[in-house]
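Subject: Structure handover

Hello,

Here is the structure we talked about. Please open it first, then read the notes below.

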Amino acid sequence: MTVTLFDQFLSPTLFKMPLIAIALVSPWLLHHVVTTRFSSERLLSVKKVSVSALTKHIFQPLGPLGHKWALMFVSLFMFLITLNVLGLLPYTFTPTTQLSLTFSLALPLWLATVLIGFRLDPTRALAHMLPQGTPPLLIPVLIIIETISVMIRPLALAVRLMANLTAGHLLIHLISTGVFLLTSMMPMTAILALALLGLLTLLEIAVAVIQAYVFVLLLSLYLLENV
């Protein structure tokens with residue numbers, strides 16, 4: 001049962017070729033292109049308002065140097081939110097449930113913020129490792145603790161995104177299996193479980209959006225420390 005339950009997180013293959021590349025490219029193919037059609041313009045306006053609000057909220061505390069990251073962070077947010085939401089559709093695969101993908105996104109971006117901090121002001125970047133007014137006896141211990149806390153940031157980013165999406169997919173899978181099994185034996189219970197499944201699906205859509213936002217927000221906070 002455990003193997004079958006987690007089979008949904010395996011990368012699908014066709015003729016022994018992994019299809020994760022198609023899943024990663026598909027978000028960029030779904031974004032709207034400006035046309036003369038009213039429906040496209042309306043959806044594009046909603047997208048512009050959402051992106052504008054996100055950019056203002058995340059980059060307002062940052063200075064001009066941080067604003068240079070706006071295009072990258074907004075693109076990352078749109079990429080993650082599209083992958084997360086598409087993964088809730090039936091017979092689809094969610095690449096963000098793979099730790100290899102989330103870690104490969106978190107590590108280089110986190111490392112870039114750290115390297116920029118050391119390039120701009122090494123003293124200020126190293127000052128984060130030791131709080132002001134620390135007793136001399138605690139200095140070596142605090143330096144080690146702060147160094148470890150900084151080094152595990154990309155892993156925490158990757159695991160947070162992966163674990164939240166994985167847990168939601170597992171709950172949806174378990175409840176939908178229960179609905180299927182209870183339909184013939186206990187119809188009323190199956191209806192209640194189906195209603196719970198609908199609410200859980202709405203919750204997972206919100207989680208998909210929130211986790212993409214949290215991922216980008218934490219990266220912006222790391223950038224704020226160094227810029």
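First, a term: a contact means heavy atoms within 4.5 Å. Leaving aside neighbours within four places in sequence, L80 is in contact with T96, L105, L161, A212 and F215.

Some ground rules. This is a predicted model, in which local features need pLDDT of at least 70, side-chain atom pairs count only at pLDDT 80 or more, and totals for chains, interfaces and linings use all residues. Residues are numbered from 1 along each chain as its sequence is written, and side-chain values use heavy atoms, with hydrogens and water left out.

**Confidence**

pLDDT is the predictor's confidence in each residue, from 0 to 100. The mean for the protein is 80, and 86% of its residues reach 70 or more. Among the elements, helix α1 (residues 2-6) has the lowest mean pLDDT, 54. Helix α6 has the highest, 89.

**Layout**

The protein has ten helices and two strands. Both kinds of element are DSSP runs, numbered from the N terminus: helices are H or I with at least four residues, strands E with at least two. Along the sequence the pattern reads α-β-β-α-α-α-α-α-α-α-α-α. Take the contacts with a separation of 6 or more: residues 24 or more positions apart account for 73% of them.

**Inside**

Of the 227 residues, 33% count as buried. Buried means under 20% relative accessible area, exposed means over 50%, and partly exposed is in between (1.4 Å probe, protein chains only). A nonpolar core is a set of buried Ala, Val, Leu, Ile, Met, Phe, Trp, Tyr and Cys residues joined through side-chain atoms within 4.5 Å.

The largest core has 34 residues. L76, L80, F215 and L219 touch the most other members. Helices α3 (38-59), α5 (70-86), α6 (99-120), α9 and α10 each supply at least two residues of this core. The largest share, ten residues, comes from α5. Apart from this core lies another, of six residues, among them I175, V179, A193 and L200.

V179 sits in helix α9. V179 counts as buried because its relative accessibility is 11%. Beyond its neighbours within four places in sequence, V179 is in contact with A190, A193 and L194. V179 and L196 are 17 residues apart in sequence and 9.9 Å apart in space, C-alpha to C-alpha.

S220 is in helix α10 (residues 187-226). At 2% relative accessibility, S220 is buried. Again leaving aside neighbours within four places, S220 is in contact with I58, L62 and F73.

The protein exposes about 14000 Å², and carbon and sulfur atoms supply 76% of it. Accessible areas come from the Shrake-Rupley method with a 1.4 Å probe; for residues, only the protein chains shown count as cover.

Which residues make the nonpolar surface patch? They are L99, I144, I148, M151, I152, L155 and V159, and the patch covers about 620 Å². Patches are made of residues with over 30% relative accessible area and no salt bridge; like charges are joined within 9 Å, nonpolar side chains (Val, Leu, Ile, Met, Phe, Trp, Tyr) within 5 Å. A salt bridge is a side-chain nitrogen of Lys or Arg within 4 Å of a carboxyl oxygen of Asp or Glu.

Helices α8 (139-151) and α9 (153-185) each supply at least two residues of the patch. The largest share, three residues, comes from α8. I148 lies in α8. I148 is partly exposed because its relative accessible area is 48%.

Best wishes
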